[in-house]
Amino acid sequence: NAEYMGTLSECLFFFAVGYMALLLKGGRVVNADRSIMADVLCEGGKITRVAPLIDPPAGAEVIDVTGKLLVPGGIDPHTHMRLPFMGTVSIDDFYSGPRAALAGGTTTIIDFVIPNPGQSLLEAYQTWRGWAEECVCDYAFHVAVTWWSDQVQEEMGILARERGVNSFKHFMAYKGALMLNDDSLYASFTRCRELGCVATVHAENGDLVLQQQKKLMAEGITGPEGHPWSRPPEVEAEAAHRALTIGNALNTPVYIVHVSCSQSADVVARARAAGWRCYGETLAGHLTVDDSVYFKGTFKEAAAFVMSPPFRPKGHQEKLWEGLQAGSLQTTATDNCTFCAEQKRMGKDDFTKIPNGTNGVEDRMTVLFDHGVVQGRLSENEYVAVTSANTAKIFNMFPQKGCIAEGSDADIAVIDPAVRRTISAQTHYQRVDHNIWEGREVRGVTVLTVHRGEVVWTAHVEDGVADWPKGTFRVERGRGRFVARAPFGPPFAGLKER
C-alpha cells in the first residue's frame, strides 16, 4: 500500500540524488547480540558495509571514531510532542523535541495520536501527521482508543491495513476523559488480535485514583505531594494484572507502558513466566528518580516532577533495573511530555490539575548508559537491547531499525564512554524550563549522531567534558520520515490460537 511503498521510494530517492557516503572508521560496533571492531559505511541513507578496514569510496566523508562505541540510534517508544492535555499543550513540539532527541542519540520516536472521546481516529491521525511534518528524526505513531463504537472498530482496520499503524493505546486511568472500561478494553483487544496489532496500556485503576484524589483534597492536601499519594503502586499493579488477564484470555499481545513500581514489575514477570504474550516498558526517569522530589522545595520545584505514574519511593528503582536485567522488562522510554512552570501552575491550589508530564527524550540514552553500563547494571549489548533493538522487534521495525547491519537504516549514536557532561535545564535543547536530572553528572555521552547516513549532531568536547550548548546541529525541519509498521509482527509469531 501507499505507506509501505513510500519507504521504498524514499530509499530510491536517496540513491538518485547521490547523498555523500559516510565512513565511520575504527569504532566498536555494538548490537544487542554482539560487539565487534569494525568500520561502518553509510550510503543513500542505509548501512551498506560493516567490516574491518573499509576503503573509503571516492568523495566519502570519513570520521575517525577510534575508542568510541557505535550503537543503533535510540528508539524512544513513548513520547508526546505537541500534546493537547489537561487544558494546555505540551511545550516541546515535533521540531524542538526530536531535535533535542538527536543530540542525545535518539533517531526515532513513537509518538501517540490521542483522539478526543467521540472523535474519528482517522481524523485525529491526520491531525498528528500534519503536526509531525516538521519532525527532524524518524517517527511512528501508536493510536489511542479513547471510546468504542462500530466506527472505531472500522477505523482501526484502516489504520492497520493502510496507514502503517500496528499498535493501539488504551488508558485505564484519567476517568471521565480518556479512560476505557473493561467492556471497551475487551472489544478493542479483540480487534487488535484480529488486525495483528499490539495493545499498549497505561495501567492505573482510574476509579481508585479518582476516589483517592477526592479523599486527599477533602483533607486539605492540595499540593504536589498529593499526586503520588493518590496513585500508590497498588493501583498500577491491579490495572496491569487486569489488562494482562484480558489480553491473555483473548490471545492478544499486551504491552504495559511506563512500569514504575516493583508490584507492577512483578505482575509482568509472573505473566511472562506463565507464558503470556506480554511486554513491559520502563522509563529512564522511573529508573533513576525517587519520590522525595514531591516533598521538598517550592511548589514550582515539586510540580515539575508530576507525571503519571508518579516517581516511586527508593527501592522501586532497583527492582526495575532487575526487570531489565532478567528480561521481564524489555524496553526503556521517556513518556516525554513537557510543560513549563507557568503551565504547571494551573494546579497551584489543586494537585489534580497540574499537567502531568516530564522531560527525557534528550537525556535518556546518556542517563541509561551511565546508570546502566558505567555503573555495572547492564552490559553494552543489553543496553542496545533496551534502548532500541527490543522496541524495533516488538513494533515490527527490525532490522530496518535497532541494529547496525548491512541494509539497515544508517541511524547510529556514537558514544564516547569516557566523556562526561552535567545535565541542566540551562543547557539542554528542549524548550521546557526544568529537567528531572538537574545537576546530575553522567558519563558516556553521545558525541556524534548519524541519521539516515548524515551527521546531524556533533558534541563539543574539551578535556573529556561535553560543553553541551556548543554542540553543532546539521538538521532542517521536516528531515524526519514516517516509519510505516506492518501488522502481525514478532509478537504474533508462534502465538497459538485458542
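Arginine 312 and glutamate 236 are both buried, meaning under 20% relative accessible area, where exposed is over 50% and partly exposed lies in between (1.4 Å probe, protein chains only). The two form a salt bridge, with the closest N and O atoms 2.9 Å apart; the term covers a side-chain nitrogen of Lys or Arg within 4 Å of a carboxyl oxygen of Asp or Glu. This pair ties together distant parts of the chain, 76 residues apart: arginine 312 sits in the loop between helix H11 (299-303) and helix H12 (316-326), and glutamate 236 in helix H8 (residues 233-250). Helices (H or I, at least four residues) and strands (E, at least two) are DSSP runs, numbered from the N terminus.

Before going on, a word on what you're looking at: this is a predicted model, in which local features need pLDDT of at least 70 and side-chain atom pairs count only at pLDDT 80 or more, while totals for chains, interfaces and linings use all residues. Residues are numbered from 1 along each chain as its sequence is written, and side-chain values use heavy atoms, with hydrogens and water left out.

A search of the whole structure turns up 25 salt bridges. Another one joins aspartate 266 to lysine 319, the closest N and O atoms being 3.1 Å apart. Here, too, distant parts of the chain are linked: aspartate 266 is in helix H9 (residues 262-273) and lysine 319 in helix H12, 53 residues apart. Aspartate 266 counts as partly exposed because its relative accessibility is 27%, and lysine 319 is partly exposed at 27% as well.

The axes of helix H5 (residues 182-195) and H8 come within 10 Å and cross at roughly 45 degrees, which makes H5 oblique to H8. Axes are lines fitted to C-alpha atoms, for helices over the stretch in contact, and angles run from 0 to 180 degrees between N-to-C directions; under 35 degrees is roughly parallel, over 145 roughly antiparallel, 65 to 115 roughly perpendicular, and the rest oblique.
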